[in-house]
Number of protein chains: 2
Amino acid sequence: MSLWAEERHDAGLDLRYRVRRTLFSEESEFQRIDIVESEGYGKMLFNDGVVMISERDEFVYHEMIVHPALFVHPCVKRALVIGGGDGGTVREILRHPSVEHCRLVEIDPAVVEGCKKHIPQTSAALADPRVEVSIADGVAFVAETDERYDLVIVDSTDPIGPATPLFGPEFYGNVRRVLAPGGVVVSQAESPFYEAERQRSMVSILGDLFERVRIYNYSNLTYPGGLWSFTFASTGDLCPTGDFDPARVRESGFEFEYYGADVHLAAFALPAFQARNLSRRLTPAKGRG
Amino acid sequence: MSLWAEERHDAGLDLRYRVRRTLFSEESEFQRIDIVESEGYGKMLFNDGVVMISERDEFVYHEMIVHPALFVHPCVKRALVIGGGDGGTVREILRHPSVEHCRLVEIDPAVVEGCKKHIPQTSAALADPRVEVSIADGVAFVAETDERYDLVIVDSTDPIGPATPLFGPEFYGNVRRVLAPGGVVVSQAESPFYEAERQRSMVSILGDLFERVRIYNYSNLTYPGGLWSFTFASTGDLCPTGDFDPARVRESGFEFEYYGADVHLAAFALPAFQARNLSRRLTPAKGRG
């Protein structure tokens, strides 16, 4: 018998991964969670049958959701992650010595439990003393908290099920409220090929609330179509290309698997079809010098 | 009943496309060829069960295999395409008014016939009077011809079956021979995620024969993993980034779906893991100014 984990994509595409065994399977209050040991991609986390991370390529997503903002913001001391219960985003944030406090707000305790038990590659970071894990609804959290953050990362699943409100204007109004002056929010922004309308909507919502809105791309091995995006929005004048100093990356001494100073700038060069789709609402890059 | 066209990938991954009907199916001397009408990707061409092109995303591959070289080389008059029987690469080459002659050398007449009949979106270009289609083995062609070209494009399938010699040193020795002074060869170079060893081998073979060797990436919707590469090699001093003038792209007046001046430069910014894999043999970019 051969065992497969199958992600059914709505454009008439199935992605099937050959699986050795299932390590974790739970119907939580919010979603179905499966962790499998795959043949070619290491351990993989699926929420509602959609690939969240694989051990083989999670470095792409996690380096790219974190480092562009942290190498552009002058000094992130306090970071808030909404979602991201696997811990990979927190792991990359903690590499920056400026970070004193990182709060993870994950709605589903089963994601955190499953990853803690089976995917230490990402979840080990959650044990760091600078981290506080809150099992709570991120939408309610940003509406109610008095805390302020230099950086908010919305490390969400697709806009179905529990993640739907994370793509709406009320949520981003509250994200803006919890950001310290000059703060930045980076969000998982789906695929430019498959989700052109969603990307327009996100950029439009952010454009009503933030001074600068940009979108950048990364190439994930296990997401349908490969090319996916993050939005970058700042409350102040911070431009992720014009205010980026490549020397900061070199001076960090960090070793990366995907990110780098060249990759940072290249990620903001959008394919023509995507640039046209979003041109009306994106902020132009700030000229340098 | 639901009908699927399935590409089995060797890392324990299957990609299945929902299909309305099969339009063309032939076992040629060289390979099995299928053209299907898919649910989400328009018509699709499969060689030996591997996706070659889909109407939905062929613009990515064809714009990116063609325009970087044509906007860097000072004046391509004669172009040679090895493989590429679907016609998409020829279509993009012909957009450049400097091109006087374009020869396509495709080994398999069934690919050309099938695409002429069912995929005019790419194959219509083959009827242009500047084009000469030769049904012949590209390996033998470059070994024997007395013709000289400013640009050679190796638009090959994966290195299995008839395309295997197109990845070897003898072939590239002959490609070098048919290039006019200052000529450029661009080749389909597989996936940096899945084919790290193949990319090292290609860059090493090219490095022994050409003055400058670079690799650049593009994001194809229907290729496994999304991120794929092309090599760029030149007999002279031509550098695809240092000698690139973005104004040429603007002045062309061309409308693109994927390519653009920013995308051109960004494509040469390699993810860290790929840059490390290839660092010993790639030529550094020429400084500008």
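This is a predicted model: local features need pLDDT of at least 70, side-chain atom pairs count only at pLDDT 80 or more; totals for chains, interfaces and linings use all residues.

Visitor: Where in chain A is A:Asp48 found, and between which strands?

Guide: A:Asp48 is found in the loop that joins strand 4 (43–47) to strand 5 (50–54) of chain A. Residues are numbered from 1 along each chain as its sequence is written, and chains are lettered from A, with ligands numbered from 1, in the order in which they are written.

A:Asp48 is not a glycine, yet its phi is positive, at about 50°. A residue is called buried if 20 or more other C-beta atoms, placed from the backbone, lie within 10 Å of its own, exposed if there are 12 or fewer, and partly exposed in between. A:Asp48 has 16 C-beta neighbours inside 10 Å, so it counts as partly exposed.

In chain B, the loop between strand 4 (43–47) and strand 5 (50–54) holds B:Gly49. B:Gly49 counts as exposed because it has 12 C-beta neighbours inside 10 Å. Two residues are in contact if their C-beta atoms, placed from the backbone, lie within 7 Å. Setting aside neighbours within four places in sequence, B:Gly49 is in contact with B:Glu7 and B:Arg8. B:Gly49 and B:Ile33 stand 16 residues apart in sequence, with their C-alpha atoms 7.8 Å apart in space.

Back in chain A, A:Glu190 is another residue other than glycine with a positive phi, near 65°. A:Glu190 lies in the loop between strand 10 and helix 7 of chain A. With 22 C-beta neighbours inside 10 Å, A:Glu190 counts as buried.

The buried residues of helix 7 of chain A are A:Gln199, A:Met202, A:Val203, A:Ile205 and A:Leu206. Seen down the axis of helix 7 of chain A, these buried residues fall within an arc of 160°, so they line one face of the helix. The arc is that of the directions from the helix axis to the C-beta atoms. An α-helix has 3.6 residues a turn, so residues three or four places apart point the same way. The face of helix 7 of chain A turned away from its buried side carries the exposed residues A:Glu197 and A:Asp208. Among the elements that cover the buried residues of helix 7 of chain A are helix 6, strand 10 and strand 11 (212–219) of chain A.

In helix 6 (residues 169–178) of chain A, the buried residues are A:Phe171, A:Tyr172, A:Val175 and A:Val178. They fall within an arc of 115° when seen down the axis of helix 6 of chain A, so they line one face of the helix. A:Glu170 and A:Arg177 are exposed residues on the face of helix 6 of chain A turned away from its buried side. The buried residues of helix 6 of chain A pack against elements of chain A that include strand 6 (78–83), helix 5 (138–144) and helix 7 (196–209).

Now for the whole chain. Chain A has 10 helices and 12 strands, and buried residues make up 53% of its 289 residues. Among contacts in chain A between residues at least 6 apart in sequence, 68% join residues at least 24 apart.

Last comes the meeting of the two chains. 30 residues of chain A are in contact with 30 residues of chain B. Strand 2 of chain A gives the largest share of the side of chain A that touches chain B, 6 residues. 100% of the interface residues of chain A are also interface residues in chain B, so the copies meet through the same surface.

Methods:
Helices (H or I, at least four residues) and strands (E, at least two) are DSSP runs, numbered from the N terminus.
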